[in-house]
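Dear colleague,

Please find the structure below, together with its sequence. My notes on what was found in it follow.

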Amino acid sequence: MSKIFTPTNQIRLTNVAIVRMKKTGKRFEIACYKNKVISWRNKLENDIDEVLQTHTVFANVSKGQVAKKEDLLKSFGTEDHTEICKEILAKGELQVSDKERHLAIDSMFKDIATTVAEKCINPETTRPYPISMIEKAMKDIHFSVKPNRNAKQQALDIIPQLKTVMPLERAQMRLKITISGREAKKLREKLLKTVKKIESENWDSGTLDLVCLIDPGQFKEIDELISSETKRTGLLEVLNLKEIAEGDEILE
């Protein structure tokens with residue numbers, strides 16, 4: 001039986017994600033595993049072997065054409081394929097099909113809406129909105145997904161815009177604060193400037209027990225204030241991450 005001859009400058013790969021870069025008039029491509037390029041760029045994946053299907057720089061992945069040595073030297077100043085792969089990973093353009101691109105955008109759109117629904121409430125009812133209602137409001141303000149930013153960042157950015165078309169507020173965090181000693185009264189006055197609402201306040205033998213609602217973004221400031229003012233003797237306890245009417249859940 002005769003052997004099938006495969007040229008040494010050709011490598012056949014299937015089911016790959018291609019990252020492409022043009023430099024000095026030449027096109028260079030690398031073959032990666034699907035879903036790993038973004039993880040590498042977000043520093044969630046540190047093992048390059050989990051990202052690259054092969055430590056090879058191509059002129060054309062789909063045709064299996066390996067880049068010429070002289071082109072690599074001219075464009076990158078080295079013929080070290082692994083180092084060139086890292087540069088292309090960092091600066092190249094990830095090639096995806098229109099179908100894959102639309103699926104990724106639709107998925108992120110849903111993730112952003114879900115994050116908003118988890119972090120916000122209708123202030124008139126103190127209840128969360130259904131995710132479908134958040135999605136409709138996002139479409140009403142013509143929100144466009146930014147694929148290079150994560151869903152949480154985009155959710156926080158979009159909240160002020162959504163407030164223009166619907167009653168919306170960040171869900172509050174419920175805290176219990178316990179302070180004793182001479183610092184209690186002085187510290188109470190400082191806390192009143194940052195809390196949204198005091199739900200209960202009890203004094204017992206000079207010890208203050210305070211249950212209050214705050215904006216989640218204020219937690220670090222309050223924690224540091226209590227720690228420094230009481231020399232770490234004050235207690236801060238999170239009772240709820242979100243102040244939502246009892247029995248309510250995020251609705252699909």
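**Confidence and findings**

This is a predicted model, with an average pLDDT of 85 for the protein and a score of at least 70 for 89% of the residues.

The protein contains 8 helices and 11 strands. Of its 252 residues, 35% are buried. Among contacts with a separation of 6 or more, 64% are between residues 24 or more positions apart. The protein exposes about 15,900 Å², of which carbon and sulfur atoms supply 48%.

A search of the whole structure gave 2 aromatic pairs. One of them joins Phe-28 and Phe-76 in an edge-to-face arrangement, at 5.1 Å centre to centre and with 70° between the planes. Phe-28 belongs to strand 2 (residues 26–32) and Phe-76 to helix 2 (residues 69–76), so this pair ties together parts that are 48 residues apart in sequence. Phe-28 is buried, at 1% relative accessible area; Phe-76 also counts as buried, at 13% relative accessibility.

Phe-109 and Phe-143 form a tilted pair, because their ring centres are 6.4 Å apart and their planes lie at 45°. Phe-109 is in helix 4 (residues 98–119), while Phe-143 is in the loop between helix 5 (131–140) and helix 6 (151–162), so the pair ties together parts 34 residues apart in sequence. Phe-109 and Phe-143 are both buried.

With kind regards

Definitions and conventions:
Residues are numbered from 1 along each chain as its sequence is written. This is a predicted model: local features need pLDDT of at least 70, side-chain atom pairs count only at pLDDT 80 or more; totals for chains, interfaces and linings use all residues. Side-chain values use heavy atoms; hydrogens and water are left out. Helices (H or I, at least four residues) and strands (E, at least two) are DSSP runs, numbered from the N terminus. Buried means under 20% relative accessible area, exposed over 50%, partly exposed in between (1.4 Å probe, protein chains only). Contact means heavy atoms within 4.5 Å. Accessible areas come from the Shrake-Rupley method with a 1.4 Å probe; for residues, only the protein chains shown count as cover. pLDDT is the predictor's confidence in each residue, from 0 to 100. Rings of Phe, Tyr and Trp (its six-membered ring) pair if their centres lie within 6.5 Å; planes under 30 degrees apart count as stacked, over 60 as edge-to-face and the rest as tilted.
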